[in-house]
Amino acid sequence: MRPLTEDESKTLFTKLTNYIGKNLIHLIDRKDEPYCFRLHKDRVYYVSESSMRLGSSIARPNLVSLGTCFGKFSKSGKFKLHISSLDYIAQYAKYKVWIKPNGEMPFLYGNHVVKAHLGRITEDTPEHQGLVVFSMSDVPLGFGVTARSTVDTRKMDPTSIIVFHQADVGEYLRDEDTLF
Amino acid sequence: MDVSNILASHAAKYQSVTVEKETSLDVDVGYLTVVDPNPIDEDSYKSNLEEHLQSLARDGIQSLLSSLFTLPTKSSDDGPLAQLPPPKIQLPRAKPLPKPKPPTKWEQFAAAKGIQKKRKDRKEWDEERQEWVNRWGKDGKNKQTEEQWITEVPLNADVDYDPRKVAREERKARVAKNEKQRQGNLARAQGPSSSVADTNPREQRKKEITKSLSSARISTASMGRFDKKLEGEKKIRGVKRKFDANEQPVEHEKNASLALLSKMESDAKKTRAAPPSGDGVVNVRKAVRFASKGQGGIALGRESSGGSTKRKQGAKRR
């Protein structure tokens with residue numbers, strides 16, 4: 001377990017900024033308790049200071065996980081956001097999309113969101129913008145990246161993809177063994 | 001007529017110019033300083049401090065002034081000036097003694113061999129001219145061969161043998177050698193610091209060679225694993241990664257993160273400002289894509305200037 005280097009922080013922050021924008025400051029500079037990002041076995045954990053101090057006394061091979069896993073660094077140095085970060089991302093998300101009940105299941109099985117399943121979407125969402133996918137009853141289901149801007153979606157046919165799938169809560173079951 | 005009264009009043013008015021003390025005062029006229037080594041008289045000190053101090057000061061000043069008037073004088077526009085002797089009191093140095101210069105390579109050698117230093121005169125006796133000439137510099141003896149109007153040429157010399165040029169080159173080489181040795185001495189005096197290694201061309205070259213050697217060693221098919229090891233060959237050590245300590249206060253980390261964020265923001269702004277995106281009403285990139293049916297601006301330009309039919313077919317197929 002170690003703090004992130006500057007390059008790693010930069011990669012992580014660019015990824016997070018794509019989803020929550022300037023709200024990232026609220027994650028770093030928290031009012032209630034100091035939180036920090038820690039890297040352990042290529043995974044980035046968002047952990048409170050007290051837990052981090054406790055965890056630092058555990059030997060590296062024995063430490064399985066701590067705090068909230070935000071994602072992992074690939075071998076090539078890219079950062080992949082995991083579904084476990086959804087709690088924080090949904091809380092601060094800048095752009096959101098709500099999908100109809102008949103679209104929930106396909107999305108939770110790892111498919112992209114097609115226009116037919118689109119319930120609502122935040123106004124003026126740009127192209128390739130990270131957003132959080134909600135069910136119509138405001139339950140966060142995962143997150144994705146827009147294929148087109150909101151304005152462009154109007155002219156498209158119902159089967160075309162609106163949101164590219166990035167992560168969904170179904171991964172808790174599907175990737176249980178590799179997720180944390 | 002009794003003048004004793006008058007004399008007594010006069011004496012009281014002008015106290016005696018002599019100072020009577022058990023131990024005579026130390027006067028250093030050079031520094032205009034008087035030191036009174038006598039012990040303090042306790043009675044007068046206790047009874048009237050002010051008077052005691054005043055009388056002490058008077059005695060001191062009196063003895064200083066009387067010794068000043070014994071000095072030789074020099075007349076000036078402002079009246080006679082006393083000439084102060086060099087001071088007697090030894091004052092301690094304000095600064096530490098300068099460190100001795102590190103010996104040059106020659107000085108080390110000479111000390112080891114017991115060679116005494118000989119001072120050479122700046123002038124040298126010229127037998128032919130029967131006068132003293134400069135050893136170097138203007139009309140120096142070291143430039144004699146170059147400057148004389150006729151020079152002997154050795155028997156077996158080449159056709160284009162120029163004795164003046166040869167002499168000049170030899171002299172220049174001596175100067176260059178001396179300069180190089182001087183630089184070496186300076187570098188040695190500096191000690192083996194990194195800054196010297198960076199500036200010294202020899203050290204730089206050494207570094208380059210080590211670098212290319214180490215890259216050559218891992219440039220085989222097995223990345224150097226199964227190569228024959230030379231005797232005394234060392235293992236290649238890479239650069240160790242260094243990370244921040246885990247236990248440092250989270251506050252520091254937070255501040256660093258916030259600084260990084262603000263830096264990223266300003267960077268993003270800068271990069272966005274760099275390519276001018278028109279007036280912002282029209283998305284130019286998108287307009288080009290739309291007009292050219294997704295083929296780009298170059299294809300659009302070619303088409304508008306009567307492009308080939310081949311392109312159009314390609315577009316249709318798409």
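Where is the place of B:His52? Select helix α3 (residues 49-69) of chain B, which holds B:His52; helices here are DSSP runs of H or I of at least four residues, strands are E runs of at least two, and both are numbered from the N terminus. This is a predicted model, in which local features need pLDDT of at least 70 and side-chain atom pairs count only at pLDDT 80 or more, while totals for chains, interfaces and linings use all residues. Residues are numbered from 1 along each chain as its sequence is written, chains are lettered from A and ligands numbered from 1 in the order in which they are written, and side-chain values use heavy atoms, with hydrogens and water left out.

Stay on B:His52, which is buried at a relative accessible area of 9% (buried is under 20%, exposed over 50%, partly exposed in between, with a 1.4 Å probe and protein chains only). Then show B:Ile40, B:Asp41, B:Ser44 and B:Tyr45, with which B:His52 is in contact once its neighbours within four places in sequence are left aside (contact means heavy atoms within 4.5 Å).

The end C-alpha atoms of residues 95-170 of chain A lie 21 Å apart, and the span is 16% helix and 41% strand.
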